[in-house]
Structure formats: C-alpha cells, structure tokens
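Dear colleague,

Please find below the sequence and structure that I am handing over to you. My notes on the side-chain contacts follow directly after.

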Amino acid sequence: MGLNLFEKIILSHSRQDNIRVNDTVEVDIDGMMIHDFFAPFCIDKFHEMGFEKVVKPDRVVFVYDHLIPTAFVDDNRHHRVIEAFTASHDITHIHRSDGVCHQLMHEQGYVRPGEIILGADSHTVTYGAIGALATGIGYTEMAAVLGTGKLWLKVAPVIKLNVRGTLPKGVFSKDVILGILGRIRNDGANYRVLEFAGPVIEDMSIDSRLTLSNMSVEAGAKAGIIAADGKTVQYLKRHFPSDELNLVASDIDAEYEAVIEFDVSQMSPLVACPFNVDNVGSVTDHSDVTIDQAFLGSCTNGRLEDLAIASRVLEGRRVHPNVRFYVVPASREIFLQAVRKGYIGTLVAAGAVVGHPACSLCAGISGGILEDGERIISANNRNFYGRMGGSQVEIYLGSPATVAASAIEGRISDCRKYL
C-alpha cells in the first residue's frame with residue numbers, strides 16, 4: 001500500500017524504514033518561525049531548558065507582526081528580547097515591519113515543498129499550500145526544536161478532500177473553506193491532516209490555496225496540505241531553481257482515514273456567523289444583518305488577489321457612511337504591488353482606511369478594535385468571543401468580495417451584483 005503526502009514527508013525526515021498511523025516519530029525539522037508576541041515565552045523556555053546554542057540559526061525566522069505598530073509601551077519589551085537573542089545566536093532572518101509572518105514565510109522563500117516547518121502559532125498550517133508539512137507548536141516544543149533541530153511528531157490520520165465542480169460567479173476559495181468547515185464542523189479534523197485535492201484545487205491560484213490551508217486548523221487539523229505542482233514551481237522560482245524543489249505527491253494507492261467529495265458547482269457566497277467558524281450560512285440568508293465595520297487583511301485574505309477583488313467591487317463606489325472599512329495588506333511587498341496596480345488608490349478613494357502590513361485587527365490588539373454591541377464582517381480566520389475587542393462583538397467572516405460588498409451597503413451583502 002502506498003503513502004499519502006503527509007506520510008511521505010514524515011518518513012523522509014525520520015530515521016525509520018516505515019511508519020504507520022498513530023506512530024510517534026522523531027523527525028528532523030527544516031525551519032522554525034517565531035513571531036514577536038510569543039517570542040519571549042519561547043526564549044525563556046530555551047534558557048530554562050539549559051540550551052546554549054541554536055542548532056540551525058540560518059533556518060530560524062523571527063517576525064514582528066502582532067505588535068507592529070506597537071500599541072502599548074510594554075510591546076517594545078518583546079522586540080528588545082528578540083534583538084538580544086538573535087544577536088547572541090547569529091540569527092539574521094528578522095523581519096521587523098515587513099508583514100504577517102504566515103505571508104512572509106512562503107513569500108520570502110523560507111519554505112520549500114517537502115519540508116517540515118514549525119511555527120509558534122496555529123496558522124503555521126498556511127505553508128501546506130505549497131506542499132510543505134507545516135504546523136503550529138507551543139513554547140516548550142519550540143524551545144526544544146531551537147536547541148535540538150528535532151521533534152517527536154505523531155503520524156496523524158489523513159482526510160482527503162476531493163474538491164470538484166466549477167466555482168460559480170462570486171464564489172471564492174474563502175467560501176470553499178467555509179463550506180467545508182460547515183460540513184465537517186470545527187472538530188471534524190481534530191489531530192488529523194487535511195489533504196486538499198481535485199480539479200478545483202488544481203485550478204486555484206497559490207493565493208487561493210493559501211486561504212484553504214490557512215483555515216484547515218479551524219477544523220482542528222494539524223496540517224492542511226496541497227501537493228506542489230507547476231504553479232508552486234512558478235511561485236517559488238525567484239527563490240529556488242525548479243531542480244531544487246521536491247514535488248512530493250501522494251501515491252495512487254495511498255490510504256486515508258476518509259475521502260470526502262465536495263462539489264462546489266451549486267455554492268453561493270457564504271458567511272460564518274458568531275461565534276464559531278463552522279456556523280456557516282448563505283449571505284442571502286443574512287442580508288438583514290447590519291454592520292458597523294468591515295476588515296480586509298490578515299494571513300487569510302490580505303494577499304494581492306484579495307485586494308484586487310475588493311478593488312473591483314469598490315471601483316467607482318463608496319463605503320457606506322455608517323461603516324468603518326479597514327484594509328491591511330499582508331506584507332510590504334503586497335502593499336507595494338497593490339499601489340502600483342492601483343488597487344490601494346481605488347480602496348482609499350472609496351473610503352477605506354489602509355494600514356501598515358501586520359496582523360492588525362485579526363490579532364485583536366490594534367487596528368480598529370470594536371466595543372460590545374458592534375458588528376463586523378471580516379476576511380480573517382476566526383470569529384470567537386473577544387477576538388476583535390469586547391467579548392460580545394459579533395464577528396461575521398466572508399470572502400474579500402463579500403466584505404467589500406457589505407462595506408458598500410452597510411449590511412451583509414451578496415457580492416455577485418458587483419462582479
């Protein structure tokens with residue numbers, strides 16, 4: 001019996017001849033990412049555990065994104081701790097204000113297909129969109145990986161999602177992942193891996209695939225993987241020659257815990273309603289829900305494709321006078337590209353407030369915090385209690401097109417009329 005993509009990557013990084021589901025295997029780690037919010041905790045654990053040396057300093061990346069721009073005086077302490085640690089361990093990959101960690105990792109060439117990348121953040125799963133095994137770990141585990149370059153990982157069962165059909169007008173990858181979450185629920189992949197496959201996935205851009213992998217953790221998944229292909233090679237070509245990329249794919253006779261067929265042909269634009277990501281319904285069923293604010297950004301939907309879609313919806317139109325619309329590109333590079341292509345100009349002319357590339361409102365720290373009683377439509381990944389301000393702020397999640405259309409009308413709206 002053959003192996004699936006996840007199993008192949010695990011096996012290639014172990015010293016074993018074979019593996020089985022539920023085995024616990026020691027694997028070599030290719031890369032590590034730590035953002036500014038969690039960095040002091042990881043560094044404290046590193047010292048507590050008695051490590052004196054980071055074993056792979058050239059594969060460690062620190063990113064300032066949750067606390068950029070700083071909102072409180074104490075935020076600066078996180079950055080001082082990082083500066084001292086990286087200087088003492090010859091770590092040179094530090095992004096101080098370049099964007100969200102989960103965008104920078106693949107955008108700046110820190111991840112290759114077939115690698116194992118660990119991050120001190122649950123949305124590390126994003127990099128699975130380019131064929132890597134990427135997952136989030138805790139402070140203690142990250143400290144151990146910094147000091148040893150290894151970690152024990154469980155060989156999780158894999159669920160294959162075969163996505164087929166044709167995406168209707170106004171339906172995007174964000175709608176697809178919301179539809180999947182609505183079907184399998186927020187615990188449907190607990191300590192499992194989601195492998196996205198099928199003709200719809202093959203047709204998707206890398207930007208769209210990243211949205212799927214990013215939100216796989218919202219179903220409890222340890223990873224959300226998409227096999228690397230020609231589009232992946234094209235995306236990574238500025239960093240790696242094609243012969244340096246390991247395009248691992250599942251065997252035809254690979255085993256899965258389950259194979260779920262998901263047809264998108266009859267889908268309509270969707271929203272996730274408070275206060276769970278799997279509380280999914282059609283936008284047309286929620287058209288009476290008024291909003292106070294709209295947000296476009298984050299590691300889920302702050303990429304160039306997303307800004308282009310929102311710009312298209314808002315071209316020649318205005319944000320509703322009762323709505324605050326915040327737009328935050330996922331990286332400095334995306335910001336500059338969006339400026340050159342005119343997307344930022346269109347959004348600003350429509351009434352949007354554009355912020356510096358960072359986690360911003362998605363992290364609930366800065367960038368438009370709401371108070372109890374307010375309601376927002378957002379393109380990020382979570383709508384839990386207290387995620388964006390007060391504990392009773394109502395958060396609806398939708399695609400960039402849905403967010404932009406709703407910003408125009410002041411209520412949850414169907415984007416199809418604007419496309």
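**Salt bridges and aromatic pairs**

Arg164 has a relative accessible area of 34% and is therefore partly exposed. Please bear in mind that this is a predicted model.

Arg164 takes part in two of the contacts described here. With Asp263 it forms a salt bridge in which the closest N and O atoms are 3.0 Å apart. This pair joins distant parts of the chain, since Arg164 belongs to strand 8 and Asp263 to strand 11, 99 residues apart. Asp263 is likewise partly exposed, at a relative accessible area of 39%. Arg164 also meets Glu261 in a salt bridge, with 3.2 Å from N to O. Here too distant parts of the chain are linked: Glu261 lies in strand 11 (residues 258-263) and Arg164 in strand 8 (residues 158-164), 97 residues apart. Glu261 has 34% relative accessibility; because this value falls between the limits of 20% and 50%, the residue counts as partly exposed.

How many salt bridges are there by the rule applied? The count comes to 20. Among them is the bridge between Glu409 and Arg411, whose closest N and O atoms are 2.7 Å apart. Glu409, at 18% relative accessibility, is under the 20% limit and therefore counts as buried, whereas Arg411, at 30%, counts as partly exposed.

I turn now to the aromatic rings. The structure contains seven aromatic pairs. One of them is formed by Phe37 and Phe38, an edge-to-face pair with 5.4 Å between the centres and 70 degrees between the planes. Phe37 is partly exposed, at 32% relative accessibility. Phe37 and Phe38 also belong to a cluster, linked by ring pairs, that includes Phe41 and Tyr139.

A further edge-to-face pair consists of Phe46 and Phe85, with 5.3 Å from centre to centre and an angle of 85 degrees between the planes. This pair connects distant parts of the chain: Phe46 is in helix 2 (residues 39-48) and Phe85 in helix 3 (residues 75-88), 39 residues apart.

Finally, a charge sits over a ring: the charged end of Lys154 lies over the ring of Tyr191, 5.2 Å from its centre.

With kind regards

How values were computed
Residues numbered from 1 in each chain as written. Predicted model: local features only at pLDDT ≥ 70, side-chain atom pairs only at ≥ 80, totals over all residues. Heavy atoms only, no water. Phe/Tyr/Trp six-rings, centres within 6.5 Å; stacked < 30°, edge-to-face > 60°. Buried < 20%, exposed > 50% of the residue type's maximum accessible area, 1.4 Å probe, protein only. Helix = DSSP H or I, 4+ residues; strand = E, 2+ residues; numbered from the N terminus. Lys NZ or Arg CZ within 6 Å of the ring centre and 35° of its normal. Salt bridge = Lys/Arg side-chain N within 4 Å of Asp/Glu carboxyl O.
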